[in-house]
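Q: Can you walk me through this one? Start with the charged side chains, please.

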Amino acid sequence: MRRWPPRIPVPAAVAHRRAAAGAASKATEATDDLVRQHNRSIAALLRRGRFAAARRLFDALPVRSVVTWNTLLAALSRRGDVPAARSFFDSMPVRDAVSWNTLLAAYARSPRLDHLAAARRLFDETPQRDAVTWSTLLVAYARRGLMDEAQSLFNEMPQRNTASWNTMITGFFAVGQARKAMDVFEAMPVKDSASLSAMVSGFTSNGWLDEADALLTKRLRATDMDKAVDAYSTLIAAYGQTGRVTDARRLFDMIPKAQSQHKGHKRRIFERNAVSWNSMMMCYIRTGDVCSARALFDEMPDKDLVSWNTMIAGYTQASDMEEAEKLFWEVSEPDAVTWNLMIRGFTQKGDVEHARGFFDMMPERSTITWNTMISGYEQNEDYDGTIKLFQRMLEVGERPSHHTLSSVLAACASLATLRLGAQLHQLIEKSFLPDTAISNALITMYSRCGELTNAKAIFSQMHTQKDLVSWNALIGGYEHHGHATEALRLFEEMRRAKVVPSHITFISLLSACGNSGLVSEGRVVFHTMLHEYGLDARVEHYAALVNLIGRYGQLEDALEVIRSMPIAPDRAVWGAFLGACTAKKNEPLAQMAAKVLSEIDPESSSPYVLMHNLHAHEGRWGSASVVREDMERQGIRKHPGCSWIDMHDKVHVFISGDTSHALTHEIFSVLECFYRSCRDWS
């Protein structure tokens, strides 16, 4: 059968060319596929942070595309290695717009001023500038506060998008030129929710909350903007930070609860989201109105984890751990923040055992969690628990932070365990860069342990790192060990350094003078506090002054100080006066002080013990027995005294009236962990 139309024979040369072209096309496609596969492999390595492996693969490739080069150039740019990025850029055989913009971004992000100048030169050399090119340099100028240069570049831009206008607004607000930011906003041809958020953020950061409110509620139809709720949430949070909860609630109530209807279809324009609900809840919590926050929480239709954590934080701040725990068990997947809130809440309430229960239940613990529990023990004066948990932290291989070491050093200071504190000091010197807080903790530890030479050495090494806590720590150390002259000399040095003292400074100085009998010097210190620094004397200062004056025979003057106090004297003041009266054997004044002290603190054994000792010292054993019987009849017991000594790698605690002694903790095992940790971290 004959076919129609008949086949026309193709010349052999033409057929050969077609076959060759097809083979070349297939080879090109195969090469392109291979290059794309290699590009994906390089990108995957870079996403996992394996830059060295990505660079080795790049160097081994026989064929690379411009995408291959750009991928590695972008990685160098993100690493902040601008010289390496520039060298790599110069070696590129072919560059496209992405190449130029990537290197420009590397220069623009660098904090060095010479790199900004290099960015401008590269911008001028760029063969074809697109919107990204202009925007990158504009952001670089605005971020550095160079708004004159930014304005000049903005004026040159052939096309401005909304992001460019928003960059100018943010930049002017950042340098405090709010009026210019407002002018830019007014001149914008098209405004979006990002523009609105930039204006509200700028207003709130400059304290112009009323202007931000007027912009949202009066000058614009912000409710017609998609995502305008973000600007409302920003202002609600700002109102909460300044305590203007009523204004925050008014704004919150202006945001619709649900989606709006448009021609029978739902569309998202302006409605409450999780951020707006959470911001309003936080406003209530900041002012302590947990009930209103809970009512809002219960009304919230879609809660996220931030909502649960915010409400739990409200209860922990109010020390209502019962409600906080109820909420905790309702959270489907608590995160580290949720767990830490519970631990911190219980430790702040003094329930360390319950806090430790949550700590032990945690599936994973971060350094923050360890620090929360360790500092919780220390703040609740469970120093044994502090050191034991620190030992456990080292045993599981968790590296401590500066906050960890500060808490453990504070425990060492309170227990006066010099050996442990000194080993901590060695660990810090080998593996950490001491900051002000760590140095202050070391000063306190050495001071409490009586090693004032070491404390002074650390203080001297701090140079410009010293803060008020540093001065107070060393002055307190001198006071603690009866070196009043050194404390006063350091105070004069502090004044020459123009460091303003605090109430704590003067408590230490007055106590130091009282312990050493420097009555006139103590009176001068008290006068300096009131009249030179304008600090109001607190009850602790009056107690120290009464002790200072009374113990050296000036009982009538001490009583006049008490009567002239602008605040009600407490047990510390009357206790100091009673102690002075018994020391000077003035029974009439001692009886009066004991009577007042018993009325202020009926559970205290101090007035009974002091009066008993006074009678016993004078040989009036009958009167002493009457005091003891009266004490027993009132059901008042004297707490036994205790002391401890660090000896043979153990801390031994001795209780008055006990024939045995307890071991609070095994220091030797802690030190073993220290030695291992030093080897691992150094």
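A: Asp210, Asp213, Arg244, Asp247 and Arg250 are linked in a network of salt bridges, a salt bridge being a side-chain nitrogen of Lys or Arg within 4 Å of a carboxyl oxygen of Asp or Glu. This is a predicted model, where local features need pLDDT of at least 70, side-chain atom pairs count only at pLDDT 80 or more, and totals for chains, interfaces and linings use all residues. Residues are numbered from 1 along each chain as its sequence is written, and side-chain values use heavy atoms, with hydrogens and water left out.

Q: How far apart are the closest N and O atoms of Asp213 and Arg250?
A: They are 2.6 Å apart. Asp213 sits in helix H12 and Arg250 in helix H14, 37 residues apart (helices are DSSP runs of H or I, at least four residues, numbered from the N terminus; strands are E runs of at least two).

Q: Is Asp213 buried or exposed?
A: Asp213 counts as buried because its relative accessibility is 7%. Buried means under 20% relative accessible area, exposed over 50%, partly exposed in between (1.4 Å probe, protein chains only). Arg250 is partly exposed, at 34%.

Q: And which residue does Arg244 meet in a salt bridge?
A: Asp210, at 2.8 Å from N to O. Arg244 is in the loop between helix H13 (229–241) and helix H14 (245–254), whereas Asp210 is in helix H12 (residues 209–219).

Q: Switching topic: how many salt bridges does the structure hold?
A: The structure holds 21.

Q: And how many helices and strands does the protein have?
A: There are 37 helices and five strands. Of the 682 residues, 44% count as buried.
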